[in-house]
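Biologist: Here is a model I would like to go through with you. Could we take the interior piece by piece?

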Amino acid sequence: MSENNYNIIVVGGGHAGIEAALASSRMGLKTALITSNYNSIGHLPCNTSIGGPAKGIIVKEIDALGGQMGYTTDCTYLQMKMLNTTKGPAVQALRAQVDKVAYPQFMQKVCLEQDNLRIIETNIVDLIIDNDLIQGVIDDNKQSYYAQKVIITAGTYLNSIQMVGANEVAKGPDDFKSITGLSEALVKAGFELQRLKTGTPPRIAIDSINYDMVKEEPGTDKKIGFSERTVIDDYITIDKQTPCYLTHTSLETKHIIENNLSQSSMYSGVVRGMGPRYCPSIEDKIVRFNDKDTHQIFLEPESKYLNTIYVQGFSTSMPHDLQEKMIHSIIGLEKAQIIKYAYAIEYDAINPLQLYPTLESKIVKGLYFAGQINGTSGYEEAAGQGLLAGINAALAFQNKEEIVLLRSQAYIGVMIDDLVTKGTNEPYRMLTSRAEYRLLLRSDNATQRLRTIGYQAGLVSEEAYQNYLNKEEKLQQLSLELSNLKLNPQHHINDLLKDKEYALIKEGINALALLKRPEIKIELFKNYLNIDKYDDDTINKLEIAIKYEGYIKKAIMQADKFIELENKKIPSSIIFEDVPNLALEAIQKFNLVRPKSIGQASRISGVNPADIQNLLIYLKAGHYHGC
């Protein structure tokens, strides 16, 4: 094999590219990670946080499948927090403030030291395609690189433009070089592109804040993390968590923005792309929520090596002089010094309806796409797609069956299904409300849901898989011990319940059944069982499983019905025009999406239940035997 021949090429070194390249190389394939700038590998151009509602569960899923993001986060965080602890387990999730300097350095080191992986710094501008089959890529020096599988993870850099007020400049995030040429190559190959927009807030000096006027937001004082490697084994932590802070905009902020909307790139007509609905600019918030006089602002340190605070919730594209006035109108920031001004950014993305659920394109065989180029927003969404694209490209190269995660299996599955079935015309953000089976897709059970899949794919090591099996054995052991612990009204347990002002037991019961009560914790039984031999993670898993057993069983029954529809396959050779009584819109949508199953077909926007019924009748009539 020549120097420029690879099994898999990954274009782009962001969060999607890292996971894709590490996955394929760890699965034994010769992989090239091609990036226009080495320093952009693992870079955090916007906020320096990983996780949050739904997003934090994606990171746990990445780790369960054998990915890297969770471990790197655990090793480089400034603050770790468990969110929504007063709510149910379906919406609880981790969020970490990571170090803007340490995180990419860690990722770069991991990539450099990874076997089977070569990093190449060049700018890809064209694709090598023969008979709709990918052959490789070409850089701006006309150098060719060949591979049977190519994964495009170009992020927000395709024809990217930074915008501040009425000014535009061809740059990517954090002033990295905009990628030109590749968009044109994709259009030439038959791909439909769309223009999207995102933005970032100002960064201010740490020592220019009036801390007496803001509220400190500490991390969670517990042993928590995203990765099984750090939480269970050699847990790595920072001795003292870095605090974040909460403040608010003022009525003056609102007036400044209202009086100067015409100077914003967003409202002056400079921005053409669609922005993220769930992460709007401060101008957008003022316009859309005009009844509110103030908005929350979080002040988040970027790195222990930097003197900068990220002003979370204050993305803007206003001119610099107005940004100064806006920042100084925020409570506690009256004398804040802006180190870096905010800007909006516009970029090219593909229409994700052009992808299969494996993230392989329908137009060019062997060409995969992952990350923000697919219309998503956020590091976590990008990394989840990159991991699946890397795994699937490697499995396809090995002539093995690729992986499609179901909506009932993972948030990653929900996200990819949404993208390839419904498409998106705005930056897609993962939300808990998008997952109809979110009680099954919890932060605590990500490893249980996905570890075996990662192991069977060849990405999870034998040691990691055995650790998982040992943990499951411990879980079953604890459950059995609680089930065998018999309690009765004369038992000392009623004294403990009385001390805590809990309802007493009036008849014989085992500890496992008593644990179903919302207020009861496993530590109540520490005088009868050796609870200390079980780690917090195991105890937490069992408490959730027992307390929510009824709800979980109901959700599983609903998911089983969903899986029945997913198992009703639609042959790829079907001609939808031949199906009697299908509505014209349904035929058009089916031809566009090319659904793989009845389940996927039923989720396509514009398709009615009658269309699905007619399709089922046609398939059951024996026209195709694959359903």
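This is a predicted model: local features need pLDDT of at least 70, side-chain atom pairs count only at pLDDT 80 or more; totals for chains, interfaces and linings use all residues.

Biologist: Which helix gives the largest share of the lining of the largest cavity?

Modeller: The structure holds 1 cavity of 30 Å³ or more, with a volume of about 70 Å³. Its lining includes Y468, K471, E472 and L475. Helices α13 (446-457), α14 (462-484) and α17 (536-547) each supply at least two lining residues. The largest share, 4 residues, comes from α14.

Biologist: How many residues of that lining are charged?

Modeller: Among the lining residues are E228, T447, Q448, D537, T538 and K541. The lining divides into 2 nonpolar and 3 polar residues, and the charged ones number 5.

Biologist: Which residue follows α19?

Modeller: The residue after this helix has a positive phi, near 50°. It is R594.

Biologist: Is T200 buried or exposed?

Modeller: T200 lies in strand β12, residues 193-200. Beyond four places in sequence, T200 touches P45, C46, Y310, S315, T316, A342 and Y343. Its relative accessibility is 3%, and the cut-off is under 20%, so T200 counts as buried.

Biologist: With which side chain does the side chain of T200 make a polar contact?

Modeller: The contact is between side chains, at 2.7 Å. The partner of T200 is R203.

Conventions
Residues are numbered from 1 along each chain as its sequence is written. Side-chain values use heavy atoms; hydrogens and water are left out. On a 1 Å grid over the protein atoms alone, a cavity is a set of points where a 1.4 Å probe fits but cannot get out, and a pocket is an open set with protein on both sides within 12 Å along at least five of seven lines; lining residues have an atom within 4 Å of a point. Grid points are joined across faces, edges and corners, and a volume is the space filled by probe spheres set on the points. Ala, Val, Leu, Ile, Met, Phe, Trp, Tyr, Cys and Pro count as nonpolar, Asp, Glu, Lys and Arg as charged, and the others, Gly among them, as polar. Buried means under 20% relative accessible area, exposed over 50%, partly exposed in between (1.4 Å probe, protein chains only). A polar contact is a pair of N or O atoms within 3.5 Å; within protein, one must be able to donate a hydrogen and the other to accept it, and residues adjacent in sequence count only if both atoms are side-chain atoms. Contact means heavy atoms within 4.5 Å.
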